Amino acid sequence: MRVCFRSSVQPGLIDEYRRRHAAVWPEMLRALKEAGWHNYSLFLGGDGLLVGYVECDDFDAVRARMALTEVNARWQTEMATLFEDTEQRPDTGFVALEEIFNLEDQLAAANAAD
């Protein structure tokens with residue numbers, strides 16, 4: 001499944017957010033991969049809008065697997081102060097967006113109909 005989600009980084013802390021993501025801890029990278037996060041990207045707007053994209057078997061399941069890791073607990077604690085809602089862990093504040101169009105899916109359907 002493909003999942004796109006959004007969150008918000010505090011505008012005054014965007015540079016710090018970028019700095020931390022320029023060199024994510026190797027153990028965090030490995031944990032994400034082992035938990036089933038594939039083709040994972042983050043996109044950040046100048047206003048703090050954060051958009052993520054991930055391919056996975058099940059979004060709730062990969063998030064739950066990450067929640068069980070010690071490195072994720074440390075990472076979320078480190079990142080929490082950078083987000084708009086500092087009352088919750090950043091990874092629990094993701095708002096999933098509905099996918100309404102995918103080029104490959106529609107091309108495959110159109111080709112099958114030909």
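Here is a briefing on this chain, grouped by topic.

Keep in mind from the start that this is a predicted model. The chain has 114 residues, and 31% of them count as buried. It holds five helices and four strands.

**Overall layout**

- Starting at the N terminus, you can follow the elements in the order β-α-α-β-β-α-α-β-α.
- The C-alpha trace spans about 55 × 30 × 25 Å along its principal axes.
- If you take the contacts between residues at least 6 apart in sequence, 74% of them join residues at least 24 apart.

**The nonpolar core**

- The largest nonpolar core is made of 23 residues. Within this core, the residues with the most contacts are Tyr17, Met28, Trp37, Phe59, Met66 and Phe83.
- Six elements each supply at least two residues of this core: β1 (2–8), α1 (14–22), α2 (26–35), β3 (49–55), α3 (59–67) and α4 (70–80).
- Helix α2 gives the most to this core, with four residues.
- Apart from its neighbours within four places in sequence, Phe59 is in contact with Met1, Val3, Phe5, Trp37, Val54 and Phe94.

**The largest pocket**

- The largest pocket has a volume of about 480 Å³, and 27 residues line it.
- To find the centre of this pocket, look for Met28, Leu32, Tyr40, Leu42 and Trp75, the lining residues that lie nearest to it.
- The elements giving two or more residues to the lining are α1, α2, β2 (38–44), α3 and α4. Strand β2 gives the most, with five residues.
- Sorted by class, the lining has 16 nonpolar, seven polar and four charged residues.

**The cysteines**

- How many disulfides does the count come to? The count comes to zero.
- Cys4 counts as partly exposed because its relative accessibility is 25%, which falls between the 20% limit for buried and the 50% limit for exposed.
- Cys56 counts as buried because its relative accessibility is 6%, and buried means under 20%.

**Residues to compare**

- Glu98 is found in the loop between β4 (95–97) and α5 (103–113). Is Glu98 buried or exposed? With a relative accessible area of 69%, Glu98 is exposed.
- Gln76 has its place in helix α4. Its relative accessible area is 7%, so Gln76 is buried.
- Leaving aside neighbours within four places in sequence, Gln76 is in contact with Met28, Arg89, Pro90 and Asp91.
- Glu98 and Gln76 are 22 residues apart along the chain, and their C-alpha atoms are separated by 25 Å.

**A backbone detail**

- Asn39 sits in strand β2. Asn39 has a positive phi of about 50 degrees although it is not a glycine.
- At 48% relative accessibility, Asn39 counts as partly exposed.

Note on methods
Residues are numbered from 1 along each chain as its sequence is written. This is a predicted model: local features need pLDDT of at least 70, side-chain atom pairs count only at pLDDT 80 or more; totals for chains, interfaces and linings use all residues. Side-chain values use heavy atoms; hydrogens and water are left out. A disulfide is a pair of cysteine sulfur atoms within 2.5 Å. Buried means under 20% relative accessible area, exposed over 50%, partly exposed in between (1.4 Å probe, protein chains only). A nonpolar core is a set of buried Ala, Val, Leu, Ile, Met, Phe, Trp, Tyr and Cys residues joined through side-chain atoms within 4.5 Å. Contact means heavy atoms within 4.5 Å. On a 1 Å grid over the protein atoms alone, a cavity is a set of points where a 1.4 Å probe fits but cannot get out, and a pocket is an open set with protein on both sides within 12 Å along at least five of seven lines; lining residues have an atom within 4 Å of a point. Grid points are joined across faces, edges and corners, and a volume is the space filled by probe spheres set on the points. Ala, Val, Leu, Ile, Met, Phe, Trp, Tyr, Cys and Pro count as nonpolar, Asp, Glu, Lys and Arg as charged, and the others, Gly among them, as polar.
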